[in-house]
Amino acid sequence: MQLSTAHHDERLTAPRSWWGIAVMTGLAGALMLLPLGTLPLLVGLVGGTALAGLVVSSYGSARVRVVNGALAVGDARIPVSALGEPEILDAEEARAWRTYKADTRAFMLMRSYVPTAVRIEVTDPADPTPYVYVSTREPQALVSALRAARAA
């Protein structure tokens with residue numbers, strides 16, 4: 001079996017402003033514990049910032065990859081042989097597919113802070129999923145990698 005040379009690897013990290021919100025959450029925790037003294041204030045600051053940072057980090061750690069003939073998005077791994085032709089969605093079209101055009105059976109890796117996406121029909125007749133929606137900052141690179149993986 002020949003491994004595909006097509007490769008795409010992208011991490012959908014959270015925007016910088018979200019990290020600022022994490023710091024402000026820590027400050028809010030510190031202010032709530034201010035009447036209890038200096039040590040609780042520091043615990044609230046460090047603990048609140050760390051907890052909020054953990055939430056931002058985990059949400060912003062979604063990966064989109066095309067490797068070894070499969071599309072790996074989040075926890076899902078879909079062989080490219082089960083996928084149809086990918087469609088690049090600009091910001092307006094991506095918003096439409098996230099909202100009123102969305103199918104509840106679709107697999108969607110959405111990140112609201114990423115304006116563009118790729119939609120790929122699922123062609124496997126045994127799979128009830130109609131399409132895969134993937135938020136990506138590099139839609140052209142993802143589509144190129146998918147086409148190269150299918151051709152390999």
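I looked up the salt bridges and found 7 in the structure, taking a side-chain nitrogen of Lys or Arg within 4 Å of a carboxyl oxygen of Asp or Glu. This is a predicted model, where local features need pLDDT of at least 70, side-chain atom pairs count only at pLDDT 80 or more, and totals for chains, interfaces and linings use all residues. Residues are numbered from 1 along each chain as its sequence is written, and side-chain values use heavy atoms, with hydrogens and water left out.

**Arginine 63 and aspartate 9.** I noted a salt bridge at 2.5 Å, N to O. Arginine 63 is in strand E2 (residues 62-67) and aspartate 9 in strand E1 (residues 8-12), so this pair ties together parts 54 residues apart in sequence. Strands (E, at least two residues) and helices (H or I, at least four) are DSSP runs, numbered from the N terminus.

**Arginine 147 and glutamate 85.** The closest N and O atoms are 2.5 Å apart. I placed arginine 147 in helix H4 (residues 139-151) and glutamate 85 in strand E5 (residues 83-89), 62 residues apart. Glu85, Arg147 and Arg150 form a network of salt bridges.

**Glutamate 87 and arginine 119.** I read 3.0 Å, N to O, for this salt bridge. Glutamate 87 is in strand E5 and arginine 119 in strand E7 (residues 117-122), 32 residues apart.

**Burial.** I used relative accessible area: buried under 20%, exposed over 50%, partly exposed in between (1.4 Å probe, protein chains only). Arginine 119 is buried at 10%. Glutamate 87 is partly exposed at 31%. Buried residues make up 39% of the 152 in the chain.
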